[in-house]
Amino acid sequence: MDIKKRRRYDSTLEFDDSIPTAKDIKKEDDFYTLFQKTFTNNSRFAVDLPVPELGDKDTSIEDVRKFYSYWDFFKTWREFCQFDEHDPTKAQSRYEKRWMEGENKKEREIHGKAERKRLVKLAETCYELDPRIQLIL
């Protein structure tokens, strides 16, 4: 199996990129269940392994900080080739091929930046709603 091809394919699959909100949390256990599921879904694209767990109410504050530190600097291998507009294999010349590749790269970067913003928002939302953090603030 070619890992690059597999990752490219996995990047194009449908993905739930929703972020839980305060309205979704009815009781304290909902926080851990909802956010753990969300972080587990996102961790499948992690470059750095192992991915720390969110934990529960009994998790040490040191481990909680490690968790948030990991997600603050999360590195993803996710590609956004499904948004490519041009097929470089159909180029008439090498110049056209380079241009197509450049345009595709720009489009991927746009989606990569949006993905980074979404991951930052996920970590920030979780931090703001985390009952363990609220106890120490």
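A salt bridge is taken here as a side-chain nitrogen of Lys or Arg within 4 Å of a carboxyl oxygen of Asp or Glu. The legends below refer to a predicted model.

**View 1. Arg-78 and Glu-115 form a salt bridge between distant parts of the chain.** In this pair, the closest N and O atoms are 3.1 Å apart. Arg-78 belongs to the loop between H3 and helix H4 (94–129), whereas Glu-115 is in helix H4, and the two are 37 residues apart. Both Arg-78 and Glu-115 are buried. Together with Arg-118, these two residues are linked in a network of salt bridges.

**View 2. Asp-130 and Arg-132 are joined by a salt bridge.** The closest N and O atoms of this pair are 2.7 Å apart. Asp-130 has 0% relative accessibility and so counts as buried. Arg-132 is likewise buried, at 6% relative accessibility. The pair belongs to a structure that holds nine salt bridges.

**View 3. A nonpolar patch lies on the surface.** The patch is formed by Ile-61, Tyr-127, Leu-135, Ile-136 and Leu-137. Together, these residues present about 550 Å² of accessible area. Ile-61 is located in helix H3, which comprises residues 61–72. The relative accessible area of Ile-61 is 31%, so this residue is partly exposed.

**View 4. Helices H2 and H3 pack against each other.** Two packed helices are described by the angle between their axes and the distance between the axes. For helix H2 (residues 28–43) and H3, the angle is about 40° and the axes are 13 Å apart. H2 is therefore oblique to H3, because angles under 35 degrees count as roughly parallel and those from 65 to 115 as roughly perpendicular. The crossing of H2 and H3 is left-handed.

Note on methods:
Residues numbered from 1 in each chain as written. Predicted model: local features only at pLDDT ≥ 70, side-chain atom pairs only at ≥ 80, totals over all residues. Heavy atoms only, no water. Patch = residues over 30% accessible without salt bridge, like charges linked within 9 Å, V, L, I, M, F, W, Y side chains within 5 Å. Areas by Shrake-Rupley, 256 points an atom, 1.4 Å probe, with all protein chains shown as cover. Helix = DSSP H or I, 4+ residues; strand = E, 2+ residues; numbered from the N terminus. Buried < 20%, exposed > 50% of the residue type's maximum accessible area, 1.4 Å probe, protein only. Axes fitted to C-alpha atoms, helices over the stretch in contact; angles between N-to-C directions. Parallel < 35°, antiparallel > 145°, perpendicular 65-115°, else oblique. Left-handed = near helix turned anticlockwise from the far one by under 90°.
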